[in-house]
Amino acid sequence: MPFVKAGDLDIYYERKGQGPRLLVISGTGSDLRAKPNVMDGPFPKHFDTLAYDQRGLGQTAKPDRPYSMADYAEDAVNLMAALGWGSALVVGISFGGMVAQELAIRHPHVVEGLVLACTSPGGEGGASYPLHELQHMTREARARHLIPIMDTRRDAAWAKAHPAEYEQFVAFASADPYADEPGHEMGLRRQLEARALHDTWNRLGDIRCPTLICGGKYDGQALPETQTKMAARIKHARLAMFEGGHLFMIQDREAFPAMIAFLKGED
């Protein structure tokens, strides 16, 4: 299992594939032990793909102190430096998109091209759904609350009409095989606290690399109108909306090919 010292943090990472270097920054609570994940998708078929567990999550170190979005951006650039990557293409998904914004703003020289997927800038540009406000709920209650937010088509009427499928979604979303690990709840809480303070809105103009903004048409967590605002704020950014909710990448078969084509400069 590959670990590397990145700054003052021991980071667990995985690397797979050949081609241009691609750093993928995943979302809230992501853990590379959960399968399938981004390393099982199409990116490694086209890129030398690097993914990692962020601070407080998975097998990466979990320091018990406040985290900031700047910390997460520094972790990313420190990981790249530790592996000898001077620059790379970057895909940021959900919370990872918030980190990717900070990375591109603070370290523009390391980001060759950027895909921001189902994410938000915070501030006046609009924040993603306040997940930190749900911490008092049980995992099952959170899952039931978030299902119609993750995809606005899956409302109460849909749940009533598709009870078996709905319960499958609940079971999947509420499962957490690593919940009892030391530092697990603390690390997730620290991530949500940092997420709540995310705000790059007034700095998005500092992103200079080619940028693709992607979103789901039925996403109630990272709203479609927020994607439009970000695309207008970042110079020469492109916007692509897909048939899906917050997980549009696995709902719309056109999503991954569009992102790959953009990153390769083929579109």
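The conversation below goes through a predicted model of one protein chain.

Biologist: Before we start, what kind of model is this, and how are residues numbered?
Modeller: This is a predicted model, in which local features need pLDDT of at least 70 and side-chain atom pairs count only at pLDDT 80 or more, while totals for chains, interfaces and linings use all residues. Residues are numbered from 1 along each chain as its sequence is written, and side-chain values use heavy atoms, with hydrogens and water left out.

Biologist: How many helices and strands does the chain have?
Modeller: There are nine helices and eight strands in the chain. Both are DSSP runs numbered from the N terminus: helices are H or I with at least four residues, and strands are E with at least two.

Biologist: And how compact is it?
Modeller: The radius of gyration, taken over C-alpha atoms, is set against a globule rule of 2.2 Å times the number of residues to the power 0.38. For this chain the radius is 17 Å, close to the 18 Å that the rule gives for 267 residues, so the chain is as compact as a globular protein of that length. Along the principal axes, its C-alpha atoms fill a box of roughly 50 × 40 × 35 Å.

Biologist: What share of the residues is buried?
Modeller: Of the 267 residues, 52% count as buried. Buried means under 20% relative accessible area, exposed means over 50%, and partly exposed lies in between, with a 1.4 Å probe and protein chains only.

Biologist: Let us turn to the sheet. In what order do the strands lie?
Modeller: The eight strands form an open sheet with mixed pairing, in the order S1-S2-S4-S3-S5-S6-S7-S8. Its edge strands, S1 (3–6) and S8 (238–242), each pair on one side only. On average, neighbouring strands are turned by 25 degrees against each other, direction ignored. Two strands are said to pair if DSSP finds at least two bridges between them.

Biologist: Which strands does S5 pair with in the parallel sense?
Modeller: S5 pairs in the parallel sense with S6 over six bridges, and with S3 over four bridges. Glycine 92 in S5 is the bridge partner of isoleucine 25, and glycine 92 also stands opposite leucine 116 in S6. Another bridge links alanine 88 to valine 111 in S6.

Biologist: Is that region buried or exposed?
Modeller: S5 is mostly covered, with six of its six residues buried. In S6, six of the seven residues are buried, so S6 is largely enclosed by the rest of the structure.

Biologist: Where is there an antiparallel pair?
Modeller: Strand S2 (residues 9–16) and strand S4 (residues 48–52) pair in the antiparallel sense over four bridges. Arginine 15 stands opposite leucine 50 in S4.

Biologist: Now the helices. Which strands does H1 lie across?
Modeller: H1 lies across S1, S2, S3 (21–25), S4 and S5 (88–93), running at about 115 degrees to S1. Such angles run from 0 to 180 degrees between N-to-C directions, and the axes are lines fitted to C-alpha atoms, for helices over the stretch in contact. Contact means heavy atoms within 4.5 Å.

Biologist: What about H2?
Modeller: H2 lies across S3, S5 and S6 (111–117), and runs at about 140 degrees to S5.

Biologist: How far does H1 reach, and which of its residues are buried?
Modeller: H1 has 14 residues and reaches 20 Å from its first C-alpha to its last, close to the 20 Å expected. The expected span is 1.5 Å times one less than the number of residues. Among the buried residues of H1 are Met69, Tyr72, Leu79 and Met80. After H1 comes glycine 84, whose phi is positive, near 80 degrees.

Biologist: What covers the buried residues of H6?
Modeller: The cover includes helix H1 (69–82) and helix H2 (95–106). The buried residues of H6 include His184, Met186, Leu192 and Ala194.

Biologist: Last topic: valine 170. Where is it found, and what does it touch?
Modeller: Valine 170 is found in helix H5, and it is buried, with a relative accessible area of 3%. Not counting residues up to four places away in sequence, valine 170 touches Glu140, Ala143, Arg144 and Ile147.
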